[in-house]
Amino acid sequence: MIPLRQAWPEDVARRYREKGYWTGETFSGFLRRKAVERPDAEAIIDRERRWTYAELLARAEAAAAGFLRAGLRPGDRVVVQLPNIAEFFAAVFGLFRAGMVPLYALPAHRITEIAHFARTSEAVGYVIAERHDGFDYCQQARALRAEVPAVRHVVVASGDAEEFILLATEQHGEAVLPPDATPSDVAFIQISGGSTGLSKLISRTHDDYLYSCRASNEICGVTENSVFLVALPAAHNFPMSSPGHIGALHAGAKVVLSPSPSPDVAFPLIEREKVTITGLVPPLALLWMQAAPGRGEDLSSLDVLLVGGAKFAEEAARRVRPVLGCQLQQVFGMAEGLVNYTRQDDPEEIIVSTQGRPISPDDEVLVLDDGGNPVPEGQPGHLLTRGPYTIRNYHNDDAANARSFTEDGFYRTGDIVRRLPGGYLEVRGRAGDHINRAGEKISAEEVENHLLAHPGVFDAAIVSIPDPYLGERSCAFVIAQGEKTRAAVLKHWMRQRGIAEFKVPDQIVFVEAFATTAAGKISRKELRARLRDQFLQQR
Ligand code: OOB
């Protein structure tokens with residue numbers, strides 16, 4: 001098994017420890033501490049179920065013992081694909097306690113993506129809910145086992161499935177659990193949005209991630225009295241760490257799980273549980289603002305709304321307080337690390353027109369021109385960063401590492417930003433070719449490859465088109481081969497290949513040919529840019 005590693009240079013790691021960023025805490029360690037400090041305080045609310053900190057710990061330990069009994073070993077990687085249900089927490093804290101490493105997949109991922117995650121992480125386990133949103137995850141587990149036989153253990157965390165193991169919910173006798181993990185070790189794996197090809201694996205350590213959560217709590221005012229609503233998928237980095245459910249649990253606060261982010265579901269929960277803080281992507285923030293005035297629920301408990309994942313339009317940002325009655329904090333973050341927030345006491349103009357400034361005084365930020373030279377303040381350029389919670393490498397991917405990291409350890413974010421006085425960043429766009437569809441990142445190359453696999457497709461290019469609601473939507477330009485295929489047929493084909501629905505192009509436009517230059521072929525990147533311009537001009 002290829003080891004999971006994040007290697008900050010020794011002297012840098014020492015500095016992060018000396019400055020108190022890395023405290024030597026682990027996920028299991030902090031949950032145990034909370035269960036001692038506040039055993040009877042409510043930790044997780046999932047519909048009618050209310051787990052206290054003591055119960056969450058007991059569930060996690062039972063799950064840990066169950067994973068070991070099933071034959072999983074410390075160090076094993078396990079793909080976790082669960083919706084927003086309490087068992088998500090029992091499973092992942094169980095894995096932490098057993099020294100195993102969860103890889104967080106989203107409920108929307110389908111077999112092609114899950115098989116890729118399992119292969120690249122060398123996973124031996126897969127944790128699922130039996131069904132969710134009408135989708136049969138047991139069927140997907142069977143397909144995964146057929147495709148990646150190394151995945152020997154399928155654990156069903158919610159529901160019933162005789163052919164698989166069920167998540168252990170109770171302790172059987174005296175379980176011998178391994179010693180706690182090492183804080184500088186990798187705790188879990190997130191997946192990158194990825195602009196080139198398939199998602200890359202992002203491994204995060206206990207030390208680095210918990211620092212970002214603790215610091216986020218401070219910036220967003222999360223205390224043990226807070227009530228955090230998980231409206232976005234719990235497995236995504238934004239609702240996990242900004243300050244997210246991990247931040248909330250670390251503070252001893254209450255975490256309320258919303259099965260869906262729609263106002264119909266989330267608003268009654270806000271009223272019932274007196275939710276104080278939540279995070280949304282811009283399209284959902286728009287939807288909430290549209291719905292709030294016409295509905296009866298009392299949303300007055302909501303103090304803070306975090307909006308991030310994609311650019312939040314200034315005019316929309318301005319309406320958050322008047323319409324929802326709460327403080328807006330913009331968040332510009334990435335699963336690779338760096339997170340920026342507007343601060344609660346910032347002037348209104350900063351809050352509505354920037355995407356915030358970094359969490360840490362030790363987040364180093366560079367804004368460079370195409371030639372790699374720093375641009376003056378106020379000028380757009382490529383954002384590079386390194387710091388106490390930004391990764392130094394993707395797992396086992398030399399080509400991506402060479403592209404995405406400089407020799408001295410800066411991560412090339414692919415974002416184009418302007419740095420403003422005070423270190424505030426304004427996101428201007430992206431250098432890479434991915435589509436940010438309502439916060440979901442789609443790699444143009446990945447989608448093109450799926451289309452190219454269709455016999456009726458000669459060539460395909462995917463571009464992002466501005467969309468008033470989604471921010472961006474995807475448009476595929478396709479040159480047909482032989483008899484013309486229909487758009488609906490191509491969409492159906494993509495779905496059949498087992499990919500997340502959000503990657504299926506919103507629009508497919510057939511063209512006769514792609515532009516070339518006098519010198520011959522042009523790069524994919526230039527081609528996409530031209531097609532996008534043509535499309536926009538024709539409207
Ligand atoms: C969050 O994480 P990822 O890994 O899904 O995506 C990161 C990318 C950034 O590089 C940037 O391109 C875009 O998403 N992005 C934003 C943004 N927040 C993220 N673009 C414009 N404005 C924003 N506010 O999306 C993520 C992780 C942690 C916290 C928040 C978001």
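## Asn-396 and its loop

In this predicted model, Asn-396 is found in the loop that links strand 20 (380-386) to helix 14 (398-404). The phi angle of Asn-396 is near 50°, which is a positive value in a residue other than glycine. Most residues other than glycine have a negative phi.

Asn-396 has 17 C-beta neighbours inside 10 Å. A residue is buried at 20 or more such neighbours and exposed at 12 or fewer, so Asn-396 counts as partly exposed.

## Asp-133 and its loop

A positive phi is also found at Asp-133, where the value is near 50° and the residue is again not glycine. Asp-133 belongs to the loop between strand 6 (131-132) and strand 7 (135-136).

Around Asp-133 there are 10 other C-beta atoms within 10 Å. Because the limit for an exposed residue is 12 or fewer, Asp-133 is classed as exposed.

## The packing of helix 2 and helix 4

Helix 2 (residues 27-37) packs with helix 4 (residues 86-97) at an angle of about 115°, and their axes are 8 Å apart. Angles of 65 to 115 degrees count as roughly perpendicular, and helix 2 and helix 4 are therefore described as roughly perpendicular to each other. The crossing of the two helices is left-handed.

In this contact, helix 2 contributes Phe-27, Ser-28 and Leu-31, while helix 4 contributes Phe-93, Phe-96 and Arg-97. Sorted by class, the contact of helix 2 with helix 4 consists of four nonpolar residues, one polar residue and one charged residue.

Notes:
Residues numbered from 1 in each chain as written. Predicted model: local features only at pLDDT ≥ 70, side-chain atom pairs only at ≥ 80, totals over all residues. Axes fitted to C-alpha atoms, helices over the stretch in contact; angles between N-to-C directions. Helix = DSSP H or I, 4+ residues; strand = E, 2+ residues; numbered from the N terminus. Parallel < 35°, antiparallel > 145°, perpendicular 65-115°, else oblique. Left-handed = near helix turned anticlockwise from the far one by under 90°. Contact = placed C-beta atoms within 7 Å. Nonpolar A, V, L, I, M, F, W, Y, C, P; charged D, E, K, R; others polar.
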